[in-house]
Amino acid sequence: MSCNSCSSDINTVPKGCKSNGNCATGDCEKLTVFDWLGNMSLPAGQKPVDIVEVRFKNGRKHFYRNVDNLKISIGDIVAVEGNPGHDIGTVSLSGELIKIQLKRKGLNVDSEEIKKVYRKATQKDIDIWKSARDKEYDTQYRGREILGRLGLKMKLSDVEYQGDGNKATFYYTADERVDFRQLIRDLASAFSIRVEMKQVGLRQEAARLGGIGSCGRELCCSTWLIDLRNVSTSAARYQQLSLNPQKLAGQCGKLKCCLNYELDTYLDALTDFPKPDVVLKTEKGEATFIKMDIFKRVFWYTYKENRSKWYKLTLEQVKEIIELNKNNETVHSLEEYESDLIEETIDKFENVVGQDSLTRFDIPKRKKKRKNRNKNSQNQSKNSTQAKQRNQKRKPVQNHKNSNNTGNRIRKNKKRRPPRKSENNSQNN
């Protein structure tokens, strides 16, 4: 989600706050929650909840109690109680919807685990917070160098500084138990801060770092998915997917969480389906299951002795054969059942655009110009040959001195022809 102020213009330049997902409007935050109870008034005599939800780096959220009854709204930057010192975060939720979030997290409203909100962050607090955030990349880079020097089998995935800059939390992943006591000493001496190591799973690491999935969208765990449930290979088997680990694995290396999205729909459709290990008995031999289309309710079977051809059967036909086999009856062959199937005629695509070809604009226009040029050149060559022939038929001009005089004499010696008599004059005569 993104608000209108953070959208991009035609030249892909961000508008509005220009923070690309960290604006204070509350609409661009990761794992944001819409407060659909915000415009509703409380019943008479009921006090508002004094607990707010504060978001930190990469979607980390905690609940804090507003002891001093500060006027806090969604998007405000507040200073909250840390361990030790104080931390800086952004308010992501407030109001009556907090009760539902506390219930989902398994916390009570009067729980002692909920810490305090100190104050609204001042400009000095925000400057210290931003300077601490700017150190995270260099700290992570130098921390990985120290890991390589110590030879520990662990991966440092992320570093998060506390708002006051006195403490840093190092998030890591490891397959085995790691003794990082010497690592904590080296990190504390290198950065002069309090160090806290926190191990996260591969799914939590992908949720913190984010990325693009195979579907082309952002990862579900980093945008909206909160409950990271276990995914097993049986979910792929129920959906008739090939057990290819490269296609079924997500960016975290585990099975994709989206395999569970449609699993309930497939399980409901498979309630009246026979088991795939059931063998159909015919006079030609036993037939085994190959594959099926769940939503079209179609099966494919083949003979054990001759697997060169698959036979397409409907769910009702398969159930009929199984019932006959239970009564110790065998059918003649699967060909008879396959011949009874009438395939539905599918309407062909109609060209709604017309008879024009879709590739008519792909033809370059230069070819037409070349044809015109060729025609013009041919016409010019024909005209030139005709002109040469005419010039050859004409008499050559004499190139001597008296050529002009002789031409004048010839013109003088020519006698004029008498005028022709018209038909009217002849009749009068």
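Modeller: Two strands pair if DSSP finds at least two bridges between them. Helices (H or I, at least four residues) and strands (E, at least two) are DSSP runs, numbered from the N terminus. The model is a predicted one, in which local features need pLDDT of at least 70 and side-chain atom pairs count only at pLDDT 80 or more, while totals for chains, interfaces and linings use all residues. Residues are numbered from 1 along each chain as its sequence is written, and side-chain values use heavy atoms, with hydrogens and water left out.

Biologist: How many helices and strands does the chain have, and what share of its residues counts as buried?
Modeller: The secondary structure comes to 14 helices and 12 strands. Buried means under 20% relative accessible area, with exposed over 50% and partly exposed in between (1.4 Å probe, protein chains only). Of the 429 residues, the buried share is 32%.

Biologist: How much of the contact total with a separation of 6 or more comes from residues 24 or more positions apart?
Modeller: A contact means heavy atoms within 4.5 Å. Among the contacts with a separation of 6 or more, residues 24 or more positions apart account for 59%.

Biologist: In the sheet of 4 strands, why is one side of β9 and of β12 left without a neighbour?
Modeller: This open sheet is antiparallel, in the order β9-β10-β11-β12. β9 (280-281) and β12 (311-314) stand at its edges, so one side of each is left without a neighbour in the sheet, as each has a single partner strand.

Biologist: Which residue of β11 is the bridge partner of T288?
Modeller: β9 pairs with β10 (residues 286-293) over 2 bridges, and there L280 has A287 as its bridge partner. β10 and β11 pair in the antiparallel sense over 6 bridges. In β11, the partner of T288 is T302.

Biologist: Which residue takes a positive phi in the hairpin of β10 and β11?
Modeller: Each of these hairpins can be taken in turn. The hairpin of β9 and β10 has 4 residues between the strands, and G285 takes a positive phi near 140°. In the hairpin of β10 and β11, also with 4 residues between the strands, the residue with a positive phi, near 60°, is R297.

Biologist: At about what angle does helix α10 run to β12?
Modeller: Axes are lines fitted to C-alpha atoms, for helices over the stretch in contact, and angles run from 0 to 180 degrees between N-to-C directions. Helix α10 (residues 315-326) lies across β9, β11 (298-303) and β12. Its angle to β12 is about 90°.

Biologist: What separates the C-alpha atoms of R194 and K167?
Modeller: R194 lies in β8, which pairs with β7 (residues 167-173) in the parallel sense over 6 bridges. Not counting residues up to four places away in sequence, R194 touches P84, N166, K167 and A168. R194 and K167 are 27 residues apart along the chain, and their C-alpha atoms are separated by 4.5 Å.

Biologist: How many residues of each class line the largest cavity?
Modeller: On a 1 Å grid over the protein atoms alone, a cavity is a set of points where a 1.4 Å probe fits but cannot get out, a pocket is an open set with protein on both sides within 12 Å along at least five of seven lines, and lining residues have an atom within 4 Å of a point. The lining here is G143, L147, M154, L156, F170, L183, L187 and M197. Ala, Val, Leu, Ile, Met, Phe, Trp, Tyr, Cys and Pro count as nonpolar, Asp, Glu, Lys and Arg as charged, and the others, Gly among them, as polar. That gives 7 nonpolar, 1 polar and no charged residues.

Biologist: Which residues lie nearest the centre of the second largest pocket?
Modeller: By class, its lining has 10 nonpolar, 7 polar and 8 charged residues. Of the 25 residues that line this pocket, those nearest its centre are L31, G59, R60, K61 and K105.
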